[in-house]
Amino acid sequence: MTSTSRKAYGVKGAPYAFLLPATILFLLFFALPIGYAIWLSFRKVKVSGLGLGAGARKVVWAGLENYTDALTDNELVAGALRVLGYGCIVVPVMLGLALLFALMLDSEKVRLAPFTRLAIFLPYAIPGVVAALLWGFLYLPDVSPFYYGLEKLGLPQPDLLDGGPLYLALSNIAVWGGTGFNMIVIYTSLQAIPAEVYEAAKLDGATPLQIALKIKIPMVAPSLVLTFFFSIIATLQVFNEPTTLKPLTNSVSTTWSPLMKVYQDAFGKGDIYAAAAQATIIALATLLLSFGFLRAANRRNKQEAAG
């Protein structure tokens, strides 16, 4: 191999050399654990007799039995329905507030924009467990200053940790923590819009409201799709908030969300094989839902571009 060919080979192989560390980390900490979980999901523990003595408990091939049990598990289905109701509150409220704040910060008349951006984004920097504990104590009537104020004013004191209000309490934590991140994504897209577009709209007599509705929102549609995509994934994976609030109320069970059910089966009951099957089903559902949403969004964008 001549020096010229070696140099050419080195130049062509440079990108792969740069990608090698990331590829190794991806295989070790992402692909391999997923593959191992899928392998576990097809196995189960077979108990012989009373389950005592050597060889009484052994791991055998289960086929699709764990998946069948998971899909017919009433607790898992009930948890999925609870998360669906939770998501119907969180996603539209969080993205609506994020869009509203981004449009307000992008306004020419806004004051103290850097401080306002930081104040809105700051809750996102607080760990989810800490945020859930903070709000959890604010929800407790015995220690909450809000309940003290309502009592002094003679106003009703609703129990936010029981029944239907529990969904609002959990949703509030997610909205409070996630609005800032989504707002930054949308606001960054707004800042990338050329100023000439706004100037042309003003010359045509467009009001600030018309500019926001007919120019800004359509032009940041890709960012809205992205934030909606992330919000769906985060909603399907809700775990920290109900787990943290569980010691404060009896209304949150150990299987309130699908991921809590997986955790309970794996570490509470010690059945890692059933938990692996449930986790695989949740991952597939998240993948299919996300892929379907992105495909629908891309199809709509193509239709709008063609039209």
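**A chain of salt bridges**

A search of the whole structure finds five salt bridges. A salt bridge here is a side-chain nitrogen of Lys or Arg within 4 Å of a carboxyl oxygen of Asp or Glu. Side chains of opposite charge can pair when their charged atoms come close.

The model is predicted: local features need pLDDT of at least 70, side-chain atom pairs count only at pLDDT 80 or more, and totals for chains, interfaces and linings use all residues. Residues are numbered from 1 along each chain as its sequence is written, and side-chain values use heavy atoms, with hydrogens and water left out.

Start at Lys-261. Its salt bridge with Asp-73 has the closest N and O atoms 2.9 Å apart. Lys-261 lies in helix H12 (residues 258-268), and Asp-73 in the loop between helix H2 (65-71) and helix H3 (74-105), so the pair ties together parts that are 188 residues apart in sequence. Helices (H or I, at least four residues) are DSSP runs, numbered from the N terminus.

Are these two residues buried or exposed? Buried means under 20% relative accessible area, exposed over 50%, and partly exposed in between (1.4 Å probe, protein chains only). Lys-261 is buried at 2%. Asp-73 is also buried, at 18%.

Lys-261 has another partner. It forms a salt bridge with Asp-265, with the closest N and O atoms 2.6 Å apart. Both residues lie in helix H12, four residues apart, about one turn of the helix. Asp-265 is buried at 4%.

Now move on to Lys-269. Its side chain meets that of Asp-265 in a salt bridge of 3.6 Å, N to O. Lys-269 is exposed, at 58%. Together, Asp-73, Lys-261, Asp-265 and Lys-269 are linked in a network of salt bridges.

Methods:
Helices (H or I, at least four residues) and strands (E, at least two) are DSSP runs, numbered from the N terminus.
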